[in-house]
Amino acid sequence: MAEKKKFQAIKGTRDLLPPETDLWNRVEQTAREVFGTFGFGEIRPPIFEPTELFARAVGGETDIVSKEMYSFEDHDFGELEKLRSVLLIRELELENPQSASLHKGQLTEFNAALEAGMKGRKIPVTPENERALDDLKMHAARIEILRRDYTGGEWQARERFNASVTGIRQALRVVEFGDVISLRPEATASVCRAYIEHGMHALPQPVKLWYTGPMFRRERPQKGRYRQFYQIGAEVLEMVPSFAAKDAATAGGAKSAPKDAAVDAEVIEMVMAFFARLGLEGVKLEINSIGDRECRPKYVELLRAELLKVKDKLGPDSQRRIETNPLRVLDSKLESEQAIIAGLPKIADHLCANCAAQYAEVKRQLGMRGVAYAENWRLVRGLDYYMRTTFEITAQGLGSQNAVCGGGRYDGLVELLGGQPTKGIGFAIGEDRLILSLQEAGKGGTALGRDVFVAWMGEKAQATAIAAAQKLRAAGFRVELPPVEQKFGKALGQADKLGARYALILGDDEIATGQWTVKTLADGSQAKMSEAEFLELLRKSL
Ligand code: AMP
């Protein structure tokens, strides 16, 4: 007999169950409604995409891409992959002719299959694969000769033999049998890809899209941080007309500053309106400008120079980031680094004229819209593609993982992914955390109740009960219809447990007279009425 195995959801993932899923649906429906009033349409991109897309968009140096993505090769060459593993594992002995010829045979088989796959375009014909195939063929031929030379007394052949074995291993590792794809760690890259793929630049601009769905990051799970989590996000994309392309190349000149700022402010206003509609509590909006391609690199260099001066006083993470991404040092929560960070140069003092003008305008626009904010010069965001306006929103009841929304401007990302010069601004809300905060504030909602519990007895009554349930459900009421006859006492007990509002009692008497007995469970009162009267009562009371 098969061993009894207890399956569990994978670490960092979880089941969302009723009644909690009611809240999830309410949140998503509210997003649909609120975003709709701002002219956003819903987009549903696929959950996996080429890894390359995320590497390009999110940035190869970010934690997300370098270590948190779930990636796999997508191909039909399972057998060939196994053969590769065999070839990689085996120790090849120069003195052992049997092992060498077995190896040679399998390597030749591997090479032939690889070559055929590439010829048939089933295995990607990339420069890496082509070079690997050449190397493998060359080494396969050479190994046999070297072994013969060696047995023939040529002792130096050993060194060349070992070099070839290493060469084979290296080439084998390089081969990719199919496209490497990843579960999406975020959706902005997909939305931009879709904008390009479907020629959305030809639609009236800007194009406003929103999405909701699962994202995947291999992070260390904790409260409010999961490996499969959900985001609700929105993006505004606007192709830059060609006469202004030069302007856009420097990511929007002075002329576009007021317009961009108004778009930024409206997007932020929309998130805040969404949170307000949900009744989210303790909402705090922080904003910053992180400059553009012109002024940010200069600031980053200045920051790096200043950080180098205090390197010894920083922790290992920050020390490493001086080289890789000095801006991220500003993110540090390490107590010992706070005083040092407070003394570092602030980007607001180093923005170019365009960026400074736009930042000032964003603040003015938020003011006009009645959106309260705080400036935080240390807000930099983890992803590479952001520029200028960045923002983060926190809510209460979440402990250390209290960011519910992050967003910012990313002009240039669409172009980086092969599209035309395009401006972009967007945000992503962590839905899990949003839900958690609502629950902590007691806005979680209650168990799915029933409007009507149909307590029936007798064969004739069952037919009437079924017909009644059909009518009530068609009218949109939640109805529980027991599959088998129950004693009235038991039926009423179950109705109570399910949180039903009314019990519809159908027995011989009710069928004969056409007058139904309706019990209001909250106060135990009972009344007789016709079907039409009962429907009317439900409509009025629920
Ligand atoms: P990001 O895409 O990193 O800018 O994150 C946007 C928002 O998604 C954050 O503010 C969080 O609310 C949420 N988020 C990011 N990573 C996770 C995670 N691993 N688990 C739950 N929520 C997350």
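In what order do the eight strands of the open sheet stand? The order is β1-β5-β6-β11-β10-β9-β7-β8, with mixed pairing. Strands pair if DSSP finds at least two bridges between them. Helices (H or I, at least four residues) and strands (E, at least two) are DSSP runs, numbered from the N terminus. β1 (41-42) and β8 (374-375) stand at the edges with a single partner strand each, so one side of each lacks a neighbour in the sheet. β1 pairs with β5 (residues 207-216) in the parallel sense, over two bridges. Gly41 has Leu209 in β5 as its bridge partner. Helix α16 (residues 431-440) packs on the sheet and touches β5, β6 (228-239), β10 (403-409) and β11 (422-430). Contact means heavy atoms within 4.5 Å.

The model is predicted: local features need pLDDT of at least 70, side-chain atom pairs count only at pLDDT 80 or more, and totals for chains, interfaces and linings use all residues. Residues are numbered from 1 along each chain as its sequence is written, and side-chain values use heavy atoms, with hydrogens and water left out. pLDDT is the predictor's confidence in each residue, from 0 to 100. Its mean for the protein is 91, and 96% of the residues reach 70 or more. Over residues 245-253, pLDDT stays under 50.

Helix α1 (residues 20-37) also packs against α16, with axes 11 Å apart. Axes are lines fitted to C-alpha atoms, for helices over the stretch in contact. In α1, Glu20, Leu23, Trp24, Val27 and Glu28 meet residues of α16, among them Leu434, Ile435 and Leu438.

Notes: Axes fitted to C-alpha atoms, helices over the stretch in contact; angles between N-to-C directions.
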